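Here are my notes on the model you sent over. Have it open beside you while you read.

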Amino acid sequence: MSRFGDSLNVDLAAAVNNLFNIPETMEKFMFPSSRAHDHHETRGVSSIIPVDILDTPKEFIFFMDVPGLSKSEIQVTVEDENTLVIRSSGKRKRHDGEDEGCKYLRLERRGPQNLQRKFRLPENANVSAITAKCENGVLTVAVGKHPPPPKSKTVEVAIA
């Protein structure tokens, strides 16, 4: 592929990524003071959990790493009709030594204690067709797409 084509793919990927992250970006830059009053509610909430978003012909699929969290500790909701919200206040459980005298020598793994991510869904997203599953530390959320509108058909009428 040419350099122009590579550049176009990168630009398109950046545009799609930007589209999905608009609520986070807009909230941070356009409404900085609005977060001040609810700071106590969101203190300690992490939105740095990486996500992969796959656009397929029939759905958008979100993949998020949520190590140490069970499906009962994760909430997936839609707010304001087109904002996908993923939250958890679950805490990763430490494995205690079964024998007396056991202690950790190093504790480096830290799971997300609180997480929240918001994604603005495109117009063709069907919020009535959302499924989620959590397996092996990966949350997968599939958002169905509305079928594309039928293409308008032009019929030429003969003039008598």
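The points below go from the overall layout to the salt bridges.

1. Ground rules. This is a predicted model, so local features need pLDDT of at least 70 and side-chain atom pairs count only at pLDDT 80 or more, while totals for chains, interfaces and linings use all residues. Residues are numbered from 1 along each chain as its sequence is written, and side-chain values use heavy atoms, with hydrogens and water left out.

2. Layout. You'll find four helices and seven strands in the protein, where helices are DSSP runs of H or I with at least four residues, strands are runs of E with at least two, and both are numbered from the N terminus. Along the sequence the pattern reads α-α-α-α-β-β-β-β-β-β-β.

3. Burial and surface. Of the 160 residues, 28% are buried (under 20% relative accessible area; exposed is over 50%, partly exposed is in between, with a 1.4 Å probe and protein chains only). The protein exposes about 12,300 Å², and carbon and sulfur atoms supply 54% of that; the areas come from the Shrake-Rupley method with a 1.4 Å probe, and for residues only the protein chains shown count as cover.

4. Contacts. Take the contacts (heavy atoms within 4.5 Å) between residues at least 6 apart in sequence: 58% of them join residues at least 24 apart.

5. The structure has three salt bridges, each defined as a side-chain nitrogen of Lys or Arg within 4 Å of a carboxyl oxygen of Asp or Glu. One of them pairs Lys 145 with Asp 55, at 2.3 Å from N to O. Lys 145 sits in strand 7 (residues 138–145) and Asp 55 in strand 1 (residues 51–55), so this pair ties together parts that are 90 residues apart in sequence. Lys 145 is buried at 18% relative accessible area, whereas Asp 55 is partly exposed at 46%.

6. The Lys 118 pair links distant parts of the chain, with Lys 118 in strand 5 (residues 115–120) and Glu 79 in strand 3 (residues 74–79), 39 residues apart.

7. Lys 118 is buried, at 17% relative accessible area. Glu 79 counts as partly exposed at 24%, and Arg 87 is partly exposed at 26%.
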